[in-house]
Amino acid sequence: MGHSAAVGVGLPGHRSPSVGFEAPFEMLSACHERVERMLALLIQLRHYLSSHGWDDQAAKAATDVMRYFDLAAPHHHLDEEMHVFPAILALHDAILDALVLRLKQDHFEMEKSWVVVKQLLASVVNADANTWVAFNDANNGALDAFAAAYIEHINQEEWAIYPAAKQACSSDQLAAMSHEMMRRRGQTD
């Protein structure tokens, strides 16, 4: 990763869009954009390790992906579970209800998959040039499956769930959603 396209240079996911919690659905979509950048970094890291092996920049990239999915992703899932999914279920639309149930199951499955992915990333973080053991096909498959599951999940939320939930929420509900999201992140009283 010693090229100008190094994984650790200009790391995605650290520049937040200028969307704030006063626009909660836009904030949720911005989070999806950060997730997609972190997933791209994860796959780029996987390919880099496969072709170049371990180095300090690979360890830094692994640390950054771990930090994002350990800290931001759980907040995002909770935002959806607390605010978005209930708004959809209140519509009593059988197709959307079934999709919400699937997305809730996705959250559970992605959390389980994250345990495996995090262990793989920790092996990168805790290695050095002498102790690094390359990922095997099963490891690479787990990383790819994690990324693919997240992408499919995001697409379902962006194209079906968020628009319906945003339309279903009153301005008071949006304000309460914003306040709770900020409070949970320590940005308000």
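The model is predicted: local features need pLDDT of at least 70 and side-chain atom pairs pLDDT 80 or more, while totals for chains, interfaces and linings use all residues. Residues are numbered from 1 along each chain as its sequence is written, and side-chain values use heavy atoms, without hydrogens and water.

**Exercise 1. List the secondary structure of the chain.**

- Helices (H or I, at least four residues) and strands (E, at least two) are DSSP runs, numbered from the N terminus.
- The chain has 5 helices and 0 strands.
- Read from the N terminus, the order is α-α-α-α-α.
- Of the 189 residues, 43% count as buried.

**Exercise 2. Find the aromatic pairs and describe two of them.**

- Rings of Phe, Tyr and Trp (its six-membered ring) pair if their centres lie within 6.5 Å; planes under 30 degrees apart are stacked, over 60 edge-to-face and the rest tilted.
- Searching the whole structure gives 8 aromatic pairs.
- One of them joins Tyr68 and Phe69 edge-to-face, with 5.5 Å centre to centre and 85° between the planes.
- Tyr68 counts as buried because its relative accessibility is 9%, and Phe69 because its value is 3%.
- Trp114 and Phe146 make a tilted pair, 5.7 Å centre to centre with 35° between the planes.
- This pair links distant parts of the chain: Trp114 sits in helix α3 (residues 94–125) and Phe146 in helix α4 (residues 137–168), 32 residues apart.
- Both Trp114 and Phe146 are buried.
- Ring pairs join Tyr68, Phe69, Trp114, Phe146 and Tyr150 into a cluster.

**Exercise 3. Check the span of helix α5 and see what covers its buried residues.**

- The expected span is 1.5 Å times one less than the number of residues.
- Helix α5 (residues 171–184) has 14 residues, so it should span 20 Å; its end C-alpha atoms are 20 Å apart, which agrees.
- Buried in α5 are Met177, Ser178, Glu180, Met181 and Arg184.
- Their cover includes α1 (24–52) and α2 (56–89), with contact meaning heavy atoms within 4.5 Å.
- Just after α5, Gly186 has a positive phi of about 75°.

Conventions:
Buried means under 20% relative accessible area, exposed over 50%, partly exposed in between (1.4 Å probe, protein chains only).
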